[in-house]
Amino acid sequence: MSFYITTPIYYVNYKGHLGHAYSTIACDILARYYKLKNFDVYFLTGTDEHGQKVENAAKESNTNTQDYVDKISQDFRDLIPFLGCEINDFIRTTENRHKKAAQALWSKLEENDQIYLSNYEGWYSVRDEAFYLESELIKKGDSFLTQSGDTVEWIKEESYFFKLSLWQNKLLEYYEENPNAIAPKSRYNEVISFIKGGLKDLSISRTTFKWGIKVPNNDNHVMYVWIDALCNYLTSIGYPDVNNKKFKKFWPGFHMIGKDILRFHAIYWPAFLMAADINPPKRIFAHGWWTNEGQKISKSVGNIIDPYEIINKYGLDQIRFFLFREVPFGNDGDFSKGAIANRLNADLSNNYGNLVQRITTFCVKNCNSYIKNNSNFTKTDKNLIEFMKLKFDEYNRFMNEEKIDKSIKCVFELLSETNVYIDTEAPWNLKKTNKDRMNDVLFLTLNIIKNSSIMLIPIMPDSANKILDILNVNKTERNFDHITISTNDYKINDPKPIFPRID
Ligand code: ME8
C-alpha cells in the first residue's frame, strides 16, 4: 500500500513561520502514521518561487531575484529537520525538472483543446496571486479590498484562458461520487456551493512581468503562478512520464493545505488534471488558521511566530504535541503561552511523563531493572487490556479521518487509566506482600507505556523513541504490528526525565 502526501509549496517572499511549520508537521504526522502501518510513504514539500509577489519581494530587498529565491528556499529547506520532519523530496519551482513538467502539462491541455488566447480585464490580488470578481470584494471609497483586507489592482492584458467553465458539471459529479475527496465536511460543502455558483474560464498567463515559466511557443507570456505551482505535485513523481514506477505507485496523492488555498486545490487543480487526462487528487484536507494571542498573524502587525524561537523555548516535541492536541484539526487555533503551559504540564508532565518516570525508576530501584513477562492476568488487568485495544481502534479510526487531536486524546485516556490502575494496584505496597503480583502489575504497565509510545511516535518521534529506548524496545518492533502484550521480559535502562514542567 502506498501513501503520497504533500504540503503546500511555500512562497519565498518571506521566511517560514508557525503557519508553514503547522502544515509541514501535519504531513509528517500522517506520513509517520502510515509508515507505522507499513505503507510505502512519499512525503513532498518545497517552495513556490515564481510570480509577482516573489518578484516584488526580491526587488524590495534589492537582491537579484534568483539569489533571493535561492536564499529563502534554502531557509525553508533547513527548517524541515528542525521541525523533526522526514521528507522524501523538496521541490523548487525554479528547477528545470519542474519547468519541463509545467510546460508539458500546458502542452497537454493545449493538445486537449482546453486553452485559448484572449484578453483579461479585472481585479488581481498580488498577495493572494488570485483574480477576483468585483462581487467578491469589499468596496472602500474608490478602491476595492479582498475579504482579508488586502488591496487589489486592475489588470488588463492579453492572456491565455483555461476552459474551466466546461468542468463545472464534471466536478460536481466527481465530488458527488467522491464525498471523501475533500475534508473536513464543511470545506467540502464550501467547494460544492462555489462550483454551483458557476465557474468562469480562468486566466492562466501573464504578460506584464517575466518572473515565471515561459508558455510553450509564446515568449510574451509566463504561466500564471498557480498553474505552475500546482503542477509541483506531479513533477516530483516524474511527470510527464506517467508510466514511470513512482508516478504509478503514488498518484493520486493527498494534499494537505490551509483553508486559504482551498479553491485553487479543490476546483482549479482537479479541473486541470481531468482536462489533462490525469486522475484528480485522492483527498484534500484543509486545516484551520492560527492566530497569535487572539490576533491575526501578519507581517505588517509584526506578530509572526518564529518556529525556531518557540521550539528553542518549549522543545520540539512539546510544540508538535501542543499544536495537534490543543485544537481540533481543521479548526482555527490560538497560540497562547498560557495554553501551552497548561497543556504541556497536564498531559506531558503530569500524565505521560509521570507514569513513565515513576514506573521505570521503581523498576530500577526495586526490581534490579528486570521485569519478567507474564500472561496470567487478573480481571482488572484484562479490563485494562480491553480498554487499550479499544483506544487503539479509536486512535486508528480518528487518524484515518485526520482527526489528529482525537487520536492523541485516545492515547492520553489510556495513560490516565493506567495511572489510576497503578495507584490502585500500588506496586510499592505489593513489594512487601506479593512480589509476583508486583512484577505482573509492572509488566502490564510497561506494555501499556510501550504501546502508547508507539502510538505517539507520529506526534513526538524523539520523546516517544527515548521512552522506548528506556524500555529497551527493539527498533524493529516499533510499529503497529507490535501493539500487543509482549512475550518477552523487560530490561529497563536508567530513566531520565523526558518532560520537565513549564512554569
Ligand atoms: O499559498 N495558520 O503559499 P504560502 C495556519 N504558494 N497555516 C498557515 C498560516 C496560519 N496563520 N499561515 C500560513 C501559498 N499557513 C502557495 C501555495 S501550493 C501548490 C501553493 C500555511 O507561503 C497554510 O498551509 O502563502 C497555507 O495554506 C500555507 O501556509 C500558505 O503558504
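**A strand and its partners, then the ligand site**

Guide: Val215 has Asn218 in strand β14 as its bridge partner. This is a predicted model, in which local features need pLDDT of at least 70 and side-chain atom pairs count only at pLDDT 80 or more, while totals for chains, interfaces and linings use all residues. Residues are numbered from 1 along each chain as its sequence is written, and side-chain values use heavy atoms, leaving out hydrogens and water.

Strands (E, at least two residues) and helices (H or I, at least four) are DSSP runs numbered from the N terminus; two strands pair if DSSP finds at least two bridges between them. Strand β13 (residues 214-215) is joined to β14 by 2 bridges, and the two run antiparallel. Their hairpin has 2 residues between the strands, and there Asn217 takes a positive phi near 65 degrees. β14 (residues 218-223) also pairs with β12 (residues 205-206), again in the antiparallel sense and over 2 bridges. Here Ser205 has Met223 as its bridge partner.

We may now turn to the ligand. A polar contact is a pair of N or O atoms within 3.5 Å. A polar side-chain atom of Asp260 is 2.8 Å from an oxygen atom of the ligand, and a polar backbone atom of Tyr11 is 3.0 Å from a ligand oxygen. For Gly258, a backbone N or O atom lies 3.1 Å from an oxygen atom of the ligand. Among the elements that give two or more residues to the shell around the ligand are β2 (10-11) and β15 (254-258).

Key. Polar contact = N/O pair within 3.5 Å; in protein donor to acceptor, adjacent residues only side chain to side chain.
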